[in-house]
Amino acid sequence: MKSTPPQHHSAGNSHPESLQSPVMELEQASESHRLLPPPETPSSDAVSGKYVVEDVEEDEEAAYEAREKILISDFELESDNHSGVPPFSFKKLWLFTGPGFLMSIAFLDPGNLEGDLQSGAIAGYSLLWLLMWATAMGLLIQLLSARIGVATGRHLAELCREEYPYWAGIVLWFMAELALIGADIQEVIGSAIAIQILSRGLIPLWIGVLITASDCFIFLLLENYGVRKLEAVFAVLISTMALSFAWMFIDAKPSRRELVIGLLVPKLSSKTIRQAVGVVGCVIMPHNVFLHSALVQSRSIDSNKKGQVQEAINYYSIESSAALLVSFIINLFVTTVFAEGFYGSKQAESIGLVNAGQYLEERHGGGILPILYIWGIGLLAAGQSSTITGTYAGQFIMGGFLNLRLKKSSVQIPFALIPLLTLVAKEPVMGDFKIGPTLKFAAWTVAALVMVINGYLLLHFFLSEVTGLFFGCLIASGSAVYAALVVYLILHSNSNQFS
């Protein structure tokens, strides 16, 4: 496939029909026969769980080819304008279940788990309320991401390519890839640490990194056998995490009273401010915003039929909420285990992914299945799953911004959130499914809060780590460019509101 830079025109054939040669028409006809099923295929085959094949524009990158999409039977009520939405169905909810759980992996990656254990060890149970509300804020952003993917039939990277000038599209793509690389490093190292724990140190970290990288591509090969196969792999990995950390939670016997108070009573002190900022800052991952808008297109939805779009949004909202509820419970397990075991201890300030297993073994001892191995299994599942979704997100981001069709073989948050909130409120993009003033205000409030928190983290890092005039000037120049880009995105959003 020919690599092309970001384009800003709508999808379509770049050659007028009148200029196509007979040879080109013959090639296109041959390609159509290769892609499309025989015309006599009976309509009765359009049943739940089977794949639908539709005509696809060959010149445009797509999150999923038509043959890969899952056809939902009995999608909408019969009506003249296809605007009817049928009653709720658990069977249909099951068919829509999958994308939200893949998205939820970003809330469970090794970086989040390290934030959980440090929050518990340093702040005890006092930040559980913040974890709950931070997850709710993350849910709001992810629902908007799913909404824009369903309503437009395109994912966020594709829409950004069309919405912004060439140079802005290149910057957005570069920042999204940079954020993805930073997240991937944590995820791969987390898996390598887990492999080292489970091998009792026989496998060094560098070999663990190689194993993780190879496993990632092996798992992604499952997509060649259908989207549902890949979703099943993630279901197993999430279940492994849930069972492992639930086992640790039960074994640690945390205080129920402190747990309930931590959830219901907001509490924050100067000693726990950094952990609080980390809890909120880890919730919204830029690559995850791009990823979710693409994942929801794995089901065959006609964006021209309001009934299908609305029903898909409804089911995806339920599924995403359930997925993030599961992720919240898993994060809760990890936080309370380390709050119960290490809050107020001398190890609290030094605990992290590398030594957490050792500290757990010293605290809880062995048993039939030592807690060290339980922690290692859960951490491995978190690292493997998040590495796979990170690779998956990278394909969509590059494909959307650069219009490349690729096979699936903290700083950057404004560059994902601002375009999302700009586009999801535009009537030319979303049509009847654009968000209203109340939801728009809530979404921008959440985005502003997260950006301010991440700005605080960056400022703290620069003040504590950057020394010397040269590096100071370099950081100041970079910060000025960064601020200018963020201001440009905001001004572009405001100009679209009044145009």
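Student: Why is Y359 called buried?

Tutor: The relative accessibility of Y359 is 14%, and buried means under 20% relative accessible area, with exposed over 50% and partly exposed in between (1.4 Å probe, protein chains only), so Y359 counts as buried. This is a predicted model, in which local features need pLDDT of at least 70, side-chain atom pairs count only at pLDDT 80 or more, and totals for chains, interfaces and linings use all residues. Residues are numbered from 1 along each chain as its sequence is written, and side-chain values use heavy atoms, with hydrogens and water left out.

Student: What makes F342 buried?

Tutor: F342 has a relative accessibility of 2%, and therefore counts as buried.

Student: How many aromatic pairs are there, and why is the pair of F96 and Y315 called stacked?

Tutor: The count comes to 10 aromatic pairs. Rings of Phe, Tyr and Trp (its six-membered ring) pair if their centres lie within 6.5 Å, and planes under 30 degrees apart count as stacked, over 60 as edge-to-face and the rest as tilted; F96 and Y315 lie 5.3 Å centre to centre with 5° between the planes, and the pair is stacked.

Student: Why is the pair of F342 and Y359 called tilted?

Tutor: The ring centres of F342 and Y359 are 6.2 Å apart and the planes stand at 45°, so this pair is tilted.

Student: How do you know that R228 lies over the face of W94?

Tutor: A charge sits over a ring if NZ of Lys or CZ of Arg is within 6 Å of the ring centre and within 35 degrees of the ring normal; R228 is at 5.4 Å from the ring centre of W94 and lies over its face.
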